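I opened a new notebook page for this one. My plan is to look things up one at a time and jot down what I find.

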Amino acid sequence: MGDAARELRLGIVPTYAGTTLNGIRSLKKELLMDDPTTKKFLDLVTEAFREGGWLSKSDYPFRKEQEQMALRIARFLPGERVPFPVTRKFDNEDGSGTIEKKVDLQVCKVLPVAAETGIGKTLAYLIPLTLFSALTGKRVAVSTFTKSLRRQVRNGRDMEIASRYAREMTGKTLAIAVRRGISNFVSLERVEALRARIEEEKPDFFKTDAGREFVKFHDWAHEGGPFDEWDLELPYGPDGNRISEDLVALRFESSEEDKAQYLDHIEEAKLADIVVTTHASVLLNAKNGWRLLGPDLDEAGRPLSVIVCDEADRLETAAKSIYSRRFRPIDVMRFLERINREDLTKKIFKKTEKFLEWMTEISVLHGNPDSLLIYDLMEGERRRIPAWVELVKKECGLIKKNLTGHFAFAASDIVSDAKAFLEVYKKSEKWPDTMIDLTWSPVRREAGIAVNYLNAGKRIHGLVYGLDRLVLTSGTLIPGIGEKAEKKFEIHYGIHESIHEPIITYRPAQFGKLEKVVFSDPNAPKPFKSEDDSDERIYNPEWVENAASMIVEAARDGRTLVLTSSFSDVEIVGMKILAKMEDPETVILHRSGEPFSRFWKKSVEGNHKVRIVLSPSPWEGENLRDRNKPWMSNLVILRLPVPPFSKSMRRHFEKLDKLYVLNDKRYRDTMRKLIQGIGRAFRSPEDMVSLWFCDPRMPLPEVFKPDYPELYRKNMELFIYRKEYAWISSIGTAIPGRFRDALSSRSYVYKNGKVLRPTQKQFIGGV
């Protein structure tokens, strides 16, 4: 098999519209619209967004930047595919080997659009998208990273307005469908297997309240629906832990009967004119070489033509979740124990138990690290890893033949994961963007093997093979884009400059009012005692005390939403806040394991007693409103959302002499999340909210310079306690430029328990 055919089989180069790889070369360029239709299309988009146009008459405020963005997308959609030259290997016809040939693949053109909060970007892409589908008969899709935004796009007013406008202007009613991934559906067979196991081991459980709740969920599962149609939290099991969706979700290996409703769901999406889905679904389709959310290769029907990826800055995260792998011996042993068939499992159980003991010894030998690169091991030690995985693959494959139902599915999953790991392991030395390490959880020290794709964004490129047009949009498409924007875009999204349009950014001139911004005293203690941002960090009690005091002070002025970086933050700082508040019922803590939407609806929405809410979830995608105004009067950033990294990841980048790449990625991730977090406060032009920063590392505006001269050194590195953190000094640019005036006239600092105004009145510079 030649490399080209092998790539096609593995899904590295997806098929396009039912063609083979060789057929891709000869695809004719196809005009998606003729000239009269294009003119009508552009005229209709103009009429919708112009001042005094259709939207204005529907009580939507005119926004110049929204009009510009919508027209830019409208001019982009009718274009042709473009050639993309690649070199491929093909088998010689005489079987004597392979030859390399240059071929032109016809791929989609890409439009990158950065649209900051206040543009109204959802409507700016939905109206052109729905009109395009209505006028051409082409199928289109919107993909999001979060399920929350997926619901907002499908069920929100913007979709209703866009589809109504398309219907009024073209006479066509568009079919709209949501496309969920398979793991979003409950598996009745797995729920039945779980119930049977509980009845056998703990039959009295069903006499308890928790058991009765489980029975309700069991009865609902007979419908086989998606989890988001179950309005309650998942029930508790006999062990006192809440049952996870992973435990009872459908899998690809589930029986056809079990997947009946999911398969109907897929067929409905294949027929829809507009599909609303998630990044994971479209990337998984591209990875496997399937038509993107369209009919299968041997079916007649309309393939997908256009995708708009909203929250496009999270495509890399979605790709990483698909391609990365975790493989833990303890999970294999637990599976074998559940089978309870020693005649099938004795050999592999003992070998796995021995391998787990070896991993524990390795951990002790290396000082109990949280992770360890496999290349930190001796060659003989290193060989034990693929040898054990190969054993698991072989033995679980044999065991599967003697199992049925739920256990057969689980065995198939283990075999599939083992195969994927071995494939990566063989090539890992040639792939510098792939890291394999041994890991141990911080508390329980459970050992595992991890495969991480460090630049998963490159795999986003697979989307361009199966579409006519691709639009990537986000408020933080590339935070701090600066110079060499096209090069950065290619690095992070894997899309070559030759097939994408120039990056466009739309910013509202005026949107919302920053009532005041309160910074922490830069001389206050830092959040953690350790000076590295690794996984294992110890909270600084002085910072916890100072942060809790700031939040209580903020709550004096009104309801306060605290964005935390982890559930540990919620627990540690939240308990301190509870101790300071006179009425603890006014403080609501979002606990781990509960979906945010359910938490908010159950504990916060309509509860007028609430003054403070702490959660790590609503940094982005959420629109938290109360009577069309922001729910909160104060938005608190507890600490800079700097992503932690393992020590093994640091060593990996140091080995490649690319530590700067890691720091650049951490800067981008921090900036992106911080910008999105601030955007939670301002969702309408009239919104007025105060910002509070409890992290002393957040850079102060220069208006504070006379009060804190010790911070302004010759190198201008603010709050830098180690050279590698110099990038933190530019995080202050996450505050939108439209709030510059507020930074001079309404900036405060929280110092020694008091909110103080800087002595200098005149603003003398930026952040």
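E311 is not a glycine, yet its phi is positive, about 55°. Before going on, a reminder to myself that this is a predicted model. I found E311 in the loop that runs between strand 7 (304-309) and helix 14 (315-323). Is E311 buried or exposed? Its relative accessibility is 6%, so E311 counts as buried.

**Another positive phi**

N340 sits in the loop between helix 15 (329-339) and helix 16. I checked the surface too: N340 has 65% relative accessibility and therefore counts as exposed. So E311 is buried at 6%, whereas N340 is exposed at 65%.

**Helix 16 and L356**

Next I followed the chain into helix 16, residues 342-365, where L356 is found. L356 has a relative accessible area of 18%, and the cut-off for buried is under 20%, so L356 is buried. What does L356 touch, once neighbours within four places in sequence are left aside? I noted P329, I330, M333 and A447. I also looked at G448: L356 and G448 are 92 residues apart in sequence, but their C-alpha atoms are 8.8 Å apart in space.

**Nonpolar cores**

Then I turned to the nonpolar cores. The largest one has 87 residues, and I449 and L472 touch the most other members. Helix 18 (residues 405-427) gives the largest share of this core, 10 residues. I wrote down some contacts of I449, again leaving out neighbours within four places in sequence: among them are F327, F355, I385, W388, V389, F421, I436 and L438. The contacts of I449 also include R325, R326, D437 and T439. There is a second, separate core of 47 residues, and L44, A48, A115 and V276 are included in it.

**Helix 6 and T122**

T122 lies in helix 6, which covers residues 121-136. With a relative accessible area of 16%, T122 is buried. Not counting residues up to four places away in sequence, T122 touches V153, D158 and D310.

**Salt bridges**

I had the general idea in mind here: side chains of opposite charge can pair when their charged atoms come close. How many salt bridges does the structure hold? The count is 46.

I began with R72 and E501, whose closest N and O atoms are 2.8 Å apart in a salt bridge. R72 is in helix 5 (residues 64-76) and E501 is in the loop between helix 19 (485-493) and strand 13 (504-506), so this pair ties together parts that are 429 residues apart in sequence. R72 is buried, with a relative accessible area of 17%.

Next I took R507 and E116, whose side chains meet in a salt bridge at 2.9 Å, N to O. This pair links distant parts of the chain, 391 residues apart: R507 is in the loop between strand 13 and strand 14 (513-520), and E116 is in the loop between strand 3 (109-115) and helix 6. R507 is exposed, with a relative accessible area of 52%, while E116 counts as partly exposed at 21%.

Then came K665 and E316, with a salt bridge at 3.7 Å, N to O. K665 lies in helix 24 (residues 659-679) and E316 in helix 14, so to speak two distant parts of the chain, 349 residues apart. Both K665 and E316 are buried. I also noted a network: salt bridges that share partners join D313, R314, E620 and R672.

In what order do its 8 strands run? I wrote down 16-17-15-20-21-14-22-23, an open sheet with mixed pairing. The edge strands, each pairing on one side only, are strand 16 (587-589) and strand 23 (754-756). From one strand to the next, the twist averages 20°. One bridge I noted by name: V587 has I612 in strand 17 as its partner.

Definitions and conventions:
Residues are numbered from 1 along each chain as its sequence is written. This is a predicted model: local features need pLDDT of at least 70, side-chain atom pairs count only at pLDDT 80 or more; totals for chains, interfaces and linings use all residues. Side-chain values use heavy atoms; hydrogens and water are left out. Helices (H or I, at least four residues) and strands (E, at least two) are DSSP runs, numbered from the N terminus. Buried means under 20% relative accessible area, exposed over 50%, partly exposed in between (1.4 Å probe, protein chains only). Contact means heavy atoms within 4.5 Å. Two strands pair if DSSP finds at least two bridges between them. Axes are lines fitted to C-alpha atoms, for helices over the stretch in contact, and angles run from 0 to 180 degrees between N-to-C directions. A salt bridge is a side-chain nitrogen of Lys or Arg within 4 Å of a carboxyl oxygen of Asp or Glu. A nonpolar core is a set of buried Ala, Val, Leu, Ile, Met, Phe, Trp, Tyr and Cys residues joined through side-chain atoms within 4.5 Å.
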